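Please look through the sequence and the coordinates shown here.

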Amino acid sequence: PPEKGLLNSYMNIFYTNGNFNAGMRLESYMPRINGYPDRFDGTGIGMRYVGYKNDFLDVTLGNFYEQFGSGLLFRAYEDRALGYDNVMDGMRLIIRPKKGIVLKGVYGSQRQDFKEGKVVHASGIVRGIDGDFHLNEIIPFLSEKPLDISLGGSFVSKYQIDDNDLLKLPENVGSYGGRANIRYKKFMFNGEYVFKEND
């Protein structure tokens with residue numbers, strides 16, 4: 001590159017006070033180092049959020065990372081070494097109504113670019129629900145058994161306006177799936193099946 005110096009830099013600021021938490025990340029690409037996507041440039045706030053968490057409820061407004069199951073249906077994550085970040089911007093709700101049950105809901109848009117110091121979101125809106133059920137914690141007589149069973153299920157849909165003049169594309173695309181983790185003494189089985197509709 002013609003520049004004599006390249007810089008990738010970021011600073012995370014996290015704050016927690018009791019059940020309340022908040023945070024932000026300042027990012028700077030002046031310009032980005034070689035190998036990073038060309039859609040990263042400028043300096044600005046790349047992530048910010050506020051949240052509240054207790055034993056029953058965990059709610060986050062703003063940016064968040066999340067994964068359903070193994071991530072086949074939904075995974076919002078960051079790998080800074082690869083220059084990959086598809087953090088969600090919206091709302092995440094996690095409820096633990098009973099020991100062994102975790103229910104999640106997400107709504108928002110995923111980050112696509114970071115141009116001129118501003119986050120650019122993908123044009124689609126992602127909505128999803130997920131549930132994890134650890135049967136050995138839910139059903140008392142299974143708690144002492146050597147057979148350990150966890151089941152889970154997810155549904156994710158994406159809405160995006162069809163603005164393609166050449167093709168007729170579905171504006172709502174849904175995906176759903178189930179998973180099972182079964183362990184018996186030293187043997188373990190993990191399986192997940194997902195299906196995508198009308199795409």
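The largest nonpolar core has nine residues: Phe-64, Phe-68, Leu-73, Phe-74, Ala-76, Met-88, Val-106, Val-126 and Val-156. A nonpolar core is here a set of buried Ala, Val, Leu, Ile, Met, Phe, Trp, Tyr and Cys residues joined through side-chain atoms within 4.5 Å. Buried stands for under 20% relative accessible area, exposed for over 50%, and partly exposed for the range in between, with a 1.4 Å probe and protein chains only. There is also a second, separate core of five residues, among them Ile-101, Leu-135, Ile-138 and Leu-142.

This is a predicted model, in which local features need pLDDT of at least 70 and side-chain atom pairs count only at pLDDT 80 or more, while totals for chains, interfaces and linings use all residues. Residues are numbered from 1 along each chain as its sequence is written, and side-chain values use heavy atoms, with hydrogens and water left out.

One member of the largest core, Phe-68, can be followed through its contacts, a contact being heavy atoms within 4.5 Å. Leaving aside residues up to four places away in sequence, Phe-68 touches Phe-74, Lys-104, Val-106, Gly-128, Ile-129, Asp-130, Ser-154, Phe-155, Val-156, Arg-179 and Glu-192. For the protein as a whole, 53% of the contacts with a separation of 6 or more are between residues 24 or more positions apart.

Two strands are said to pair if DSSP finds at least two bridges between them.

A run of pairings can be traced from strand 2 (residues 20-29), which is antiparallel to strand 3 and joined to it by ten bridges. Within this pairing, Phe-20 is opposite Tyr-52 of strand 3. Strand 3 (residues 42-53) in turn pairs with strand 4 in the antiparallel sense, over five bridges. Three residues separate strand 3 from strand 4, and the two form a hairpin. Two positions mark this pairing: Val-50 has Leu-61 of strand 4 as its bridge partner, and Gly-51 stands opposite Thr-60. Strand 4 also pairs with strand 9 (residues 88-98), again in the antiparallel sense, over eight bridges. There Thr-60 faces Arg-92 of strand 9.

How many of the eight residues of strand 4 are buried? Strand 4 (residues 57-64) has six buried residues and is mostly covered. As a general point, side chains in a regular strand alternate between the two faces of the sheet.

Leu-103 belongs to strand 10 (residues 101-115). Leu-103 counts as partly exposed because its relative accessibility is 34%. Beyond residues up to four places away in sequence, Leu-103 touches Leu-93, Ile-94, Ile-95, Pro-97, Asp-130, Gly-131 and Phe-133. Leu-103 and Tyr-184, which are 81 residues apart in sequence, lie 25 Å apart in space from C-alpha to C-alpha.

Some loop residues have backbone geometry to check. Met-30 and Pro-31 are joined by a cis peptide bond with omega of about -25°, and Pro-31 lies in the loop between strand 2 and strand 3. Glu-116 is not a glycine, yet has a positive phi of about 55°. Glu-116 sits in the loop between strand 10 and strand 11 (118-121), and its relative accessible area of 68% makes it exposed. Lys-185, also not a glycine, has a positive phi of about 55°. The loop between strand 14 (172-184) and strand 15 (187-196) holds Lys-185, which counts as exposed at 55% relative accessibility.

Some totals complete the description. The C-alpha atoms fill a box of roughly 70 × 50 × 30 Å along the principal axes. Of the 199 residues, 34% count as buried. The protein exposes about 12500 Å², with carbon and sulfur atoms supplying 58% of it; accessible areas come from the Shrake-Rupley method with a 1.4 Å probe, and for residues only the protein chains shown count as cover. The 25 positive and 25 negative charges have mean positions 6 Å apart. Lys and Arg count as positive and Asp and Glu as negative, without His and the chain ends, and each charge is placed at NZ of Lys, CZ of Arg, CG of Asp or CD of Glu.

Methods:
Helices (H or I, at least four residues) and strands (E, at least two) are DSSP runs, numbered from the N terminus.
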